[in-house]
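Colleague: I am new to this structure and would like to know how its labels were reached. Please show it, and I will ask about them one at a time.

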Amino acid sequence: MENNEYYSQVFHEMKNSVTLINSYLQFIEKTHPEIAEFDYWDTSKNETARLRAITTELSQVKPGSQLVLETVDLRSFISDCCYGFSCYKDQGQLSYTLDFPKQPLHVLIDPRQFRHAMTNLLKNSCEAMAEKGTVTIEGVLTDTDVIVRITDSGCGISPDLIEHIFEPFVSTKESGSGLGLNITRQIILDHCGTIAVDSPKGQGCTFTLTLPQAMVS
């Protein structure tokens with residue numbers, strides 16, 4: 001059995017067990033509401049939710065898996081990602097603004113892996129704004145690269161945290177896995193690209209993706 005298949009099955013089984021534990025906790029609290037007053041009950045629920053987030057994240061990406069590359073136009077690809085994400089999750093008062101050039105933004109990507117990275121970034125922006133605000137996605141074409149900037153109107157990331165935001169198990173959310181941005185960065189690196197973050201105090205957050213432009217005859 002290849003390592004990536006082995007890891008995927010292990011994380012899948014872990015996720016199932018944690019999901020079951022989480023369901024039991026919800027059932028216990030529903031049938032015995034007084035337990036909410038017990039010491040450590042909220043901590044137990046939060047840690048279980050965090051563990052569930054970690055195993056879900058790991059089960060969705062196979063470490064070391066080979067990329068299946070296709071040439072795509074990021075304009076339509078990102079538009080589809082935004083639409084798919086909005087259908088998956090109640091967006092509240094969240095809106096998207098897409099600013100793309102008339103020219104195609106051709107890149108060579110693994111659509112499945114790259115969609116996972118984009119979904120992580122959209123999810124991060126949505127949660128940063130408490131589902132109320134605007135996500136602006138800008139595409140820029142240079143002589144050699146395609147640049148994508150994803151900007152939210154949230155409160156930004158604190159200076160002491162932003163230097164470590166791509167490290168594993170670093171999260172701005174209490175129950176976050178701390179793996180979403182780390183996995184996203186690895187996916188971008190696997191595509192010979194780069195990802196950077198800029199967050200002026202109180203002015204939201206911008207993630208900048210740079211990918212090699214694909215030459216299309």
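Colleague: What makes the contact between Glu127 and Lys123 a salt bridge?

Modeller: This is a predicted model, and in it the N to O distance between the two side chains is 3.0 Å. The cut-off is 4 Å between a Lys or Arg side-chain nitrogen and an Asp or Glu carboxyl oxygen, so the pair qualifies. Both residues belong to helix α4, four residues apart, which is about one turn of the helix.

Colleague: Why is Glu127 called partly exposed?

Modeller: Its relative accessible area is 30%. Buried means under 20% and exposed means over 50%, so a value in between is partly exposed. Lys123, at 35%, gets that label too.

Colleague: How many salt bridges does a search of the whole structure find?

Modeller: Four. One of them joins Glu29 and Lys45, with the closest N and O atoms 3.1 Å apart. Glu29 has 22% relative accessibility and Lys45 has 27%; both are partly exposed.

Colleague: What makes Glu138 and Arg149 a salt bridge?

Modeller: Their closest N and O atoms are 3.4 Å apart, and the limit is 4 Å. Glu138 is in strand β4 and Arg149 in strand β5, so the pair ties together parts eleven residues apart in sequence. At 28%, Glu138 is partly exposed, as is Arg149 at 29%.

Colleague: Which aromatic pairs does the structure hold, and what are they called?

Modeller: There are two. Phe77 and Phe114 have ring centres 6.0 Å apart and planes at 55 degrees, so the pair is tilted. Phe77 is in helix α3 (residues 74-88) and Phe114 in helix α4 (residues 111-128), so the pair connects parts 37 residues apart.

Phe166 and Phe207 are edge-to-face, with 6.2 Å between centres and 75 degrees between planes. Phe166 lies in the loop between α5 (159-162) and α6 (180-190), and Phe207 in strand β7 (residues 205-212), 41 residues apart. Both Phe166 and Phe207 are buried.

Colleague: How do you know that Phe77 and Phe114 are buried?

Modeller: Phe77 has 7% relative accessibility and Phe114 has 1%. The limit is under 20%, so both count as buried.

Colleague: What lies over the face of Phe77?

Modeller: Arg115, at 5.1 Å from the ring centre. The distance limit for a charge over a ring is 6 Å.

Colleague: Which residues have the most contacts inside the largest nonpolar core?

Modeller: They are Leu74, Phe114, Ile137, Val148, Phe207 and Leu209, in a core of 38 residues. Elements giving two or more residues to this core include α3, α4, α6 and β7. Leaving aside neighbours within four places in sequence, Phe114 touches residues including Leu74, Phe77, Ile187 and Leu209.

Colleague: Why might such side chains gather?

Modeller: In soluble globular proteins, nonpolar side chains tend to be buried together.

Colleague: How much of the chain is buried?

Modeller: Buried residues are 35% of the 217 in the chain.

Definitions and conventions
Residues are numbered from 1 along each chain as its sequence is written. This is a predicted model: local features need pLDDT of at least 70, side-chain atom pairs count only at pLDDT 80 or more; totals for chains, interfaces and linings use all residues. Side-chain values use heavy atoms; hydrogens and water are left out. Buried means under 20% relative accessible area, exposed over 50%, partly exposed in between (1.4 Å probe, protein chains only). Rings of Phe, Tyr and Trp (its six-membered ring) pair if their centres lie within 6.5 Å; planes under 30 degrees apart count as stacked, over 60 as edge-to-face and the rest as tilted. A charge sits over a ring if NZ of Lys or CZ of Arg is within 6 Å of the ring centre and within 35 degrees of the ring normal. A nonpolar core is a set of buried Ala, Val, Leu, Ile, Met, Phe, Trp, Tyr and Cys residues joined through side-chain atoms within 4.5 Å. Contact means heavy atoms within 4.5 Å.
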